[in-house]
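Q: I'm new to this one and would like to go through it slowly. Could you take me through it as I ask?

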Amino acid sequence: HTRLLLRMDPRRFTTISEQAHKKWLSAALDVPMNEDLGIDLLDGITGVELKGCYARWGEHYVVDDRQVVRFPEQYTGLDLYFAFLLYDLRIKPRSIRSNVERNVVERDVRIVPWGWMAQFPVKYTRRSGPLRYVHYSDFPNGEYFERFETKDATLWAPKDSSMAARLSLLL
C-alpha cells in the first residue's frame with residue numbers, strides 16, 4: 001500500500017499559522033482581533049501588530065514600512081506595539097494538515113513600543129515595497145523587559161509600559 005502524505009503548501013501554512021498566532025495572542029493580551037484591514041489586535045486603548053517567525057527557518061522578521069508609517073496616523077491616541085513572536089513546532093510545517101495550534105510547542109513574544117522600529121533602515125525591494133528587517137539579536141537585553149509566563153509561552157513587555165501593566169493584571 002502506498003500511503004498518500006498530504007503536505008501543506010508553505011503559503012497556506014503561513015496564512016493558517018498567522019491566524020492561529022493572532023488568535024492566541026489576542027487571548028493572552030485580552031485585546032480582540034481586528035476584523036478590519038489594519039493592525040492585527042485592537043481595542044479602545046491598545047493596538048498590536050504581530051510578526052511571527054518559525055524558529056527553524058531563522059530568527060528574523062520583515063516589517064512593511066507602510067504599516068510603521070500609517071498605523072500611528074490611523075490609530076491616533078492608542079498605545080501601539082509590535083509583538084515579535086518566535087515559535088517552534090513539534091513537527092515540520094509541511095507535515096501539518098490543518099491544526100497549527102495543536103503543534104506549537106514553544107512561543108517567545110517580544111513586545112516593543114511602535115517607535116522602537118524607527119532605528120531600522122527602510123530597504124526598498126522591487127517586488128514588495130519598503131521593508132524593515134528585525135533580527136532576534138536586535139531586541140534590547142533583559143533589563144529592558146519585564147517577563148511574563150503563561151502555560152505555553154513567555155511574553156516580554158517593556159518595563160513600566162502600559163503593556164506590562166496590562167500583563168500584570170492578566171497573568
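A: Gladly, and one term first: a contact here means heavy atoms within 4.5 Å. Please also keep in mind that this is a predicted model.

Q: How much of the chain is buried?
A: Of the 171 residues in the protein chain, 45% are buried. The accessible surface comes to about 10100 Å², and carbon and sulfur atoms account for 50% of that surface.

Q: Which residues have the most contacts inside the largest nonpolar core?
A: That core has 23 residues, and the ones with the most contacts inside it are Leu25, Leu29, Ile111 and Leu155. Two or more residues each come from α1 (10-29), β2 (46-54), β4 (79-89), β5 (104-113), β9 (154-158) and α3 (162-170), with β4 giving the largest share, five residues.

Q: What does Leu25 touch, leaving out residues up to four places away in sequence?
A: With those set aside, Leu25 touches Leu41, Val48, Leu50, Ala83, Val109 and Leu155. Another core, of 21 residues, lies apart from the largest one, and Ile39, Val68, Phe82 and Trp156 are among its members.

Q: You mentioned α3; which of its residues are buried?
A: Met163, Ala164, Arg166 and Leu167 are buried in α3. They cover an arc of only 160° around the axis, so they lie on the same side of α3.

Q: Switching to sheets: what is the strand order in the open sheet of three strands?
A: The order is β3-β7-β6, with antiparallel pairing, and β3 and β6 (123-125) are the edge strands, each pairing on one side only. Neighbouring strands of this sheet are turned by 40° against each other on average, direction ignored.

Q: How many bridges hold each pair?
A: β3 (residues 60-64) and β7 (residues 129-135) pair over five bridges, and His60 has His135 in β7 as its bridge partner. β6 and β7 pair over three bridges, where the partner of Lys123 in β7 is Leu131.

Q: Which side of β3 is covered, and what lies across it?
A: Tyr61 and Val63 form the covered face of β3, while His60, Val62 and Asp64 form the uncovered one. Helix α2 (residues 65-74) lies across β3 and β7, running at about 55° to β3.

Note on methods:
Residues are numbered from 1 along each chain as its sequence is written. This is a predicted model: local features need pLDDT of at least 70, side-chain atom pairs count only at pLDDT 80 or more; totals for chains, interfaces and linings use all residues. Side-chain values use heavy atoms; hydrogens and water are left out. Buried means under 20% relative accessible area, exposed over 50%, partly exposed in between (1.4 Å probe, protein chains only). Helices (H or I, at least four residues) and strands (E, at least two) are DSSP runs, numbered from the N terminus. Two strands pair if DSSP finds at least two bridges between them. Accessible areas come from the Shrake-Rupley method with a 1.4 Å probe; for residues, only the protein chains shown count as cover. A nonpolar core is a set of buried Ala, Val, Leu, Ile, Met, Phe, Trp, Tyr and Cys residues joined through side-chain atoms within 4.5 Å. The arc is that of the directions from the helix axis to the C-beta atoms. Axes are lines fitted to C-alpha atoms, for helices over the stretch in contact, and angles run from 0 to 180 degrees between N-to-C directions.
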